[in-house]
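I opened this notebook to keep track of what I looked up in the structure, entry by entry.

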Amino acid sequence: MTDPWALTGTDRAAVDALLAATHGDPFSVLGWHEPAPGAHVVRCLLPGASSVAVVDADGRVRGTLEPLAGGVFAGRVDAPAGRFAYRLRIDDARLVDDPYRFGTVLGELDLHLLAQGTHWRAWRALGAIARVVDGVAGTAFAVWAPNARRVSVVGTFNDWDGRVHPMRRRIEAGVWELFVPGVGDGALYKYELFGANGERLLKGDPYARHAEPPPATASRVRHERPFAWTDDAWLASRAQRQSRDAPMSVYEVHLGSWMRHPDGRPHGYRELAESLVPYAKRMGFTHLELMPVSEHPFGGSWGYQPTALYAPTARWGDPDDFRAFVDRAHGEGLGVILDWVPAHFPSDAHGLVAFDGTTLYEHADPRIGRHAEWGTLVYDFGRIEVANFLIANALYWLHEFHVDGLRVDAVASMLYLDYSRPAGAWRPNVHGGNENLEAVAFVKRLNEKVYEEVPGAVTIAEESTAWPGVSRPTWLGGLGFGYKWNMGWMNDTLAYVHEDPVHRPWHHHRLTFGLVYAFSENFVLPLSHDEVVHGKGSLLSKMPGDDWRRFANLRAYLSFMWTQPGKKLLFMGGEIGQWREWHHDRELDWGLLGDASNGTLHRGLQALVGDLNRLYATLPALHRHDCDARGFEWIDCADSAQSVVAWLRNGSGSGERAMVACNFTPVPREGYRLGVPCGGRWSEVLNSDAAVYGGSGLGNLGGVEAEPIPAHGRPWSVALTLPPLAALVLRPEGPEAGRTAPVAPA
């Protein structure tokens with residue numbers, strides 16, 4: 001009997017290595033080979049098969065393969081004309097295309113860009129991508145794992161057997177690849193890797209477009225199809241809509257808990273497109289900001305510990321469902337901002353941690369690579385492939401999902417090597433400082449690429465320190481973000497309104513200090529989810545006094561916020577006066593709006609937020625110079641004894657003005673005189689104490705006439721009735737509106 005090993009020129013050691021999962025080049029063993037002139041041999045690995053034959057396109061058997069060892073078959077093939085497109089007939093029943101008869105997946109340009117860390121469309125090269133090769137449909141898999149000894153793709157299509165589909169290594173980029181015929185949309189898969197020390201790892205795909213709903217952890221093949229976008233008009237006008245002189249009022253939302261079905265199930269992306277989007281529009285918001293939608297294993301992380309940055313979480317639908325949500329928002333005139341998390345990632349075994357058996361994505365030094373406070377890992381921002389992975393991901397959401405901006409989470413934790421680390425537990429940079437120079441360079445490159453590639457898109461930093469120039473262009477020495485959250489303003493003003501009014505005169509500076517630095521950055525004033533969790537209480541519960549005073553305080557505070565310089569952000573539930581803290585597993589307390597005792601107050605607060613949004617958007621003085629000192633003038637910031645502050649907001653023209661006066665005590669103040677820049681009638685366009693908002697209805701009967709009585713350095717003034725715990729907004733009317741009296745020198 002002829003020895004099939006010798007007949008097919010098969011190396012026993014190579015087969016042993018293949019079966020032991022230590023062979024780094026399966027294509028050198030499997031597929032079509034010519035071990036000698038005129039000898040055509042096919043080898044395949046099919047565990048569990050009894051017989052294998054090679055057939056041509058017409059179904060003719062051109063060779064029978066003999067079993068060698070462990071599911072490896074080999075045999076000579078009749079091929080007088082040379083190589084042909086063969087198939088394998090398994091057990092005289094099943095025909096399959098052999099993955100090892102196809103060529104490479106990645107082209108030289110892809111490999112070059114990946115190796116250089118400049119493949120800004122990396123999601124089109126790596127991951128699981130639909131391909132048709134030589135007329136055969138399937139999925140091309142590619143994954144970066146430079147230190148692995150072997151990588152296989154495993155899934156429902158091969159019974160999760162890592163022996164079946166070992167991948168080809170492209171040494172120049174550290175990438176493993178394989179085209180698997182017949183693998184279609186929806187197939188579940190992972191990568192089985194043998195690390196540098198021989199350990200077996202089972203990992204989700206870092207570039208997966210879709211995944212199983214948690215708690216399952218497999219990646220899901222997603223064959224992308226053209227999506228029927230209808231938002232061309234929005235995209236064409238986005239740069240104007242999102243300019244710094246345009247209104248930006250952001251409704252921050254956790255999609256899984258905004259509203260739920262009666263049985264507790266969360267609404268999906270398409271359901272939210274029909275409920276959340278119209279609601280946000282009716283409320284007058286200009287943008288939705290979504291807490292992270294990238295796939296994450298633990299719902300209690302709220303998305304801030306993602307494991308699959310390229311996959312919209314399957315909790316609420318598939319990628320096209322999310323596209324439909326964004327498209328609907330754009331159709332209603334709403335921008336969509338995503339919370340995006342490049343600052344850290346979790347150590348779940350199926351995720352990025354020790355991906356190929358080494359610290360590949362995370363920084364190798366635990367003094368830099370771990371956040372003990374959060375129990376998470378830190379990306380190695382200085383590794384070009386990791387920076388490429390993250391920047392390409394940012395561009396992925398902007399390009400593939402038409403998202404309008406990214407709010408970058410926890411920027412301070414990236415910038416500082418000693419962030420939340422005790423002395424001795426962090427490593428200084430090369431200059432001996434605490435700045436993470438690699439993270440700084442990454443952030444700058446990120447912002448440069450976003451603003452270069454996506455017209456009208458914005459980036460927003462959650463940065464809680466005094467790092468200079470966060471929202472200044474990189475060419476001026478800044479980090480390049482479009483906006484920065486004003487955490488100092490938030491902390492100071494919340495501390496102020498938490499005080500009982502009797503104590504507020506001694507804390508007056510907390511109301512006014514924010515204007516000292518208000519124009520040092522392009523600020524967003526945030527009342528975010530972070531302020532209503534972990535025992536901090538809801539916005540309403542922070543307010544002192546009985547129920548009426550709590551609501552009045554909150555109405556005055558939100559009016560104060562909406563009329564201050566800076567863009568606005570409010571977390572869901574704040575607009576209806578939620579009593580309890582937010583919880584990710586429960587919907588908002590919508591029933592409060594129909595509450596028998598306080599429903600009027602809850603509905604009134606909701607109505608006020610809607611009116612504040614509409615006033616902010618339609619009165620240019622309130623938004624035109626949100627990030628510019630020309631847009632703000634104090635009238636009086638020093639009346640601490642009566643807890644009153646008043647200021648002017650200025651638009652571009654002399655007729656674009658608004659005056660704001662806030663009384664943060666429960667005492668009405670009659671005849672309160674404030675200097676104004678012009679004579680004529682000043683109309684009261686908003687009063688947070690109006691009866692329709694649940695207030696006492698005290699006010700100025702629609703407006704007041706300015707008098708030629710000097711006050712606050714101006715020759716004109718108005719005498720106002722300031723309602724208790726309330727804010728007023730007035731604007732000049734008629735021919736006097738454009739005439740300005742100069743401010744007298746102090």
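Predicted model: local features only at pLDDT ≥ 70, side-chain atom pairs only at ≥ 80, totals over all residues.

**Entry 1: the barrel**

I followed the pairing from strand to strand and found a closed barrel of 8 strands, in the order E17-E18-E21-E24-E25-E26-E27-E28, with parallel pairing. From one strand to the next, the twist averages 25 degrees. I then looked at helix H11 (residues 487-498), which packs on the sheet and touches E26 and E27, with its direction at about 40 degrees to that of E27.

For the pairing of those two strands, I found that E26 (residues 483-485) and E27 (residues 523-527) run parallel and are joined by 2 bridges. Within this pair I located Lys484, which stands opposite Phe523 in E27.

**Entry 2: strand E28 and its neighbours**

Moving on from E27, I saw that E27 and E28 pair in the parallel sense over 4 bridges, and that Val524 has Lys567 of E28 opposite it. On another pairing of E28, strand E17 (residues 249-253) is also parallel to E28 and makes 4 bridges with that strand; here the bridge partner of Glu252 is Phe571.

Is E28 buried or exposed? I checked strand E28 (residues 567-571) residue by residue: 5 of the 5 residues are buried, so the strand is largely enclosed by the rest of the structure. I kept in mind that in a regular strand the side chains alternate between the two faces of the sheet. Sorting E28 by side, I listed Lys567, Leu569 and Phe571 on one and Lys568 and Leu570 on the other, all of them buried, and so I recorded both faces as covered.

**Entry 3: the open sheet**

I next traced an open sheet of 6 strands in the order E29-E30-E31-E36-E33-E34, where the pairing is antiparallel. Its edge strands are E29 (632-639) and E34 (703-705), each of which pairs on one side only. The twist averages 20 degrees from one strand to the next.

**Entry 4: two helices**

H8 passes H10 in a right-handed crossing. I wrote down some of the residues that make the contact, including Ala387, Leu390, Ile391 and Ala394 of H8 and Phe442, Arg445, Leu446 and Lys449 of H10.

**Entry 5: cysteines**

How many disulfides are there? With a cut-off of 2.5 Å between cysteine sulfur atoms, I came to 0 disulfides. I looked up Cys627, whose nearest cysteine sulfur, that of Cys662, is 20 Å away; Cys627 is buried, with a relative accessible area of 14%. For Cys678, too, the nearest cysteine sulfur is that of Cys662, 20 Å away, and Cys678 is buried with a relative accessible area of 1%.

Technical notes:
Residues numbered from 1 in each chain as written. Heavy atoms only, no water. Pairing = 2+ DSSP bridges. Axes fitted to C-alpha atoms, helices over the stretch in contact; angles between N-to-C directions. Contact = heavy atoms within 4.5 Å. Buried < 20%, exposed > 50% of the residue type's maximum accessible area, 1.4 Å probe, protein only. Left-handed = near helix turned anticlockwise from the far one by under 90°.
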